[in-house]
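Have the sequence and coordinates open while reading.

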Amino acid sequence: MAEIESVSRQYLPLATSCSSIFFMIDSLQQIHFLYQFSLAFFLDIFHCVLSENSNLKGKTDHLMRLDIITKDLFQVVFNRVARSLMQNDCVTLALLLARIFLKGRPDASDFSDEFDYILRGSEAVMAAVAAGTATATPGLTVEQSLRAERLSKMQAFNKMLPTIDGNDEFVSWLESVQPEKNVPVCWDEGLVKGEVSVALHQLMVIQAFRPDRLVAAGVCLVEATLGANFMRSLDQDVDLASVVANEVKASTPVLLCSVTGYDASGRVDDLATQQTKQCTSIAIGSAEGFSLADKAILAASKAGRWVLLKNVHLAPQWLVQLEKKLHALTPHPDFRLFLTMEVNPKVPFNLLRASRVFTFEPPPGVRSNLLRTFAAVSGTRMAKAPNERARLYFLIAWFHAIIQERLRYAPLGWSKVYEFNESDLRMACDTLDTWLDNVAQGRANLPPNKIPWAALRTLISQCIYGGRIDNEFDQRLMNAFVNRIFDVASFESEFALVAGGVDGMSETGIVMPDGIRRDQFLHWVEQLSATQVPAWLGLPNNAEKVLLTTQGGRMVGNLLKMQGVDDGDDLAYAVSPSTSEENAGGGADWQPSWMKTLHQTGAEWLSMVPGRLTAMKRTAEYIKNPLFRFFEREVNMGMKFLGVVRRDLADLVQVCENKKKQTNYMRQLISDLTKGIIPTSWRRYTVPRTVTVMQWVADFSQRIQQLERVSQAGNTGGPHALKVL
């Protein structure tokens, strides 16, 4: 019996890791609705690692085999799950796996305090910045100063502030391009030992002083924990042939998801051609398509052929029926069902869980965008007379690439994310053909000044692309790009697509290529640098830093949403197991670490939120004014909402102090706030999907303060004062 227990203990870390990994991937849906994974999916991975692992061949030592199984489990989970994720979420997945791996190490620290700081260390900083009471240290911004002060409270960094004060090397490091490669040692080296510990503390320093490099520092931590090649699969294209042959069964649909404007169906067509498989392609969207799809699936499942259903997101109700029919099938082993769709929340979750999902995103960059455009426009179309047509097509392609790439920098590039897509490009090309054919009348050449520039500019800026814009600033920006690009000067030999001598650009900038044929323009695009600077898009170079900072903040927010998923304690129920007098007196020794953090955070939020909101005084004269009635309703709603938020936060603090018992409502509130999710009872006005609870609390406090100013103005000056706020 003792031997059984001894062997069981050896495999306990692996069993714990398996449990944590499954519950982690099962909860990824909190990050994105598309991330749905079933138990069968995880069991396939586990079976592959145990029974189909070539790394175990010839290995007889049990401890060595256990080590190989553990490492390969994490690797295979990442490889297969990452294929279903958006590019920006893959690092988040890797960090979640790294944390589970660290918790499974015997006799080693899991660095819970350090991870907790990374997830929640910014909350107090944001509160101080929102209050506007902080001051900056020389050489640092206000935010950097606050982060440095908070970081110095960690034991390993208690001597950091004197180290960096007046340090020229540290100041130069702050301005370096890749600071994560040479982070200065500003922690106690006696307390920080080991490659993983050093990488984790480097990540904390990067978060404090260079948050724009947080994602890159996260990659360094993953490599230090799980190996330098752990994320190598992200740089490789999906081997769809291997997946279809070795990983997917006949009863498992293959779901190819892509962002708007990107079609992944060509991959299936190419694969069917390579393997000489008979594949029936059907476009979904009409009643006729549904009937054809049902017949094709039934016939192919018996004969062992392939079926490709395109654009299934257009028929979410039919997909529910399809899922039921697939369960009833007994397919031929060679049968495969491929589904293509745009990312759409209406697709049934059960179908996502039952399928093997692959997510495809076009590579970012102007060059990649231009190559996709030239691949979509045939050479025959561009070669039609007049000869000026190809140059105009290039101008449309460049314009399309610029406005689409600026979407990545929203709200800097555009005030919001507009759905500029391939249909706009096709419409612009069709419009160009119509007007050009009408003016050219079959002639081989057309003088540039005879091209209907005014008509093209108006249609592109007001109808085709501009029709999606609902913001005045964005419309002016659109008009500026259209007027700059679609001009007779674009036919001059030195016409600059990007002006030179600004924001690090060369003196010549990017000059319009000479040519009248498609292959000439395509050759120029292929020679274009794959690495672009924001100046290409008309943005300052620090726009890239803003974009990377936003991505880093989103990564931390997603990690916070997953907080507790891999913990042994249940967030909602892990309260004091004892009601003894010492605990009732407010002692915190019984508290788990997450509750201590939540207690501190809740108290900070409660101090941020205004204590009261003054009601507007109603009189018989004031109530006749519609502006007064409008603001009175707003203030009254604000008073009620403020009461709800403050009561929730006060109850939260008392629960954490063991002075009040939990209710089901409080359990859900605690679970949401611990994961950085805005509670349902607080969602009374629309905010962006990526807003964290901390950002919401700061914004809510400012809204209440604004209503207080409105109330004071109305009470002292009456309705007239409300007009001049």
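Does Gln441 count as buried or exposed? Gln441 counts as exposed, because its relative accessibility is 59% (buried is under 20% relative accessible area, exposed over 50%, partly exposed in between, with a 1.4 Å probe and protein chains only).

## Basis and confidence

This is a predicted model: local features need pLDDT of at least 70, side-chain atom pairs count only at pLDDT 80 or more, and totals for chains, interfaces and linings use all residues. Residues are numbered from 1 along each chain as its sequence is written, and side-chain values use heavy atoms, with hydrogens and water left out.

The protein chain has a mean pLDDT of 88 (the predictor's confidence in each residue, from 0 to 100). In this chain, 93% of residues reach 70 or more. Residues 568–588 stay under 50. For that stretch the model has 33 contacts beyond four places in sequence (contact means heavy atoms within 4.5 Å).

## Backbone exceptions

Most residues other than glycine have a negative phi, and most peptide bonds are trans. Gln441 is not a glycine, yet its phi is positive, about 55°. The residue sits in the loop between α19 and α20 (453–464). Helices are DSSP runs of H or I, at least four residues, and strands are runs of E, at least two; both are numbered from the N terminus. Asn658 also has a positive phi, near 60°. Its place is the loop between α26 (626–656) and α27 (664–674).

Two cis peptide bonds deserve a look. One joins Ala385 and Pro386, with omega about 0°. Pro386 is in the loop between α17 (379–383) and α18 (389–406). Another joins Ala410 and Pro411, with omega about 10°. Pro411 lies in the loop between α18 and α19 (422–440).

## Buried charges without a salt bridge

Asp72 belongs to helix α3 (residues 62–82). Asp72 is buried but has no salt bridge (a side-chain nitrogen of Lys or Arg within 4 Å of a carboxyl oxygen of Asp or Glu). The nearest side chain of opposite charge is Lys71, 8.4 Å away. Lys and Arg count as positive, Asp and Glu as negative; His and the chain ends are not counted. Leaving out residues up to four places away in sequence, Asp72 touches Val49, Asn53 and Asn55.

Lys561 is in helix α23 (residues 543–561). Lys561 is buried and has no salt bridge. Asp89 is the nearest side chain of opposite charge, 8.8 Å away. Lys561 touches Gln30, Lys675 and Ile677, not counting residues up to four places away in sequence.
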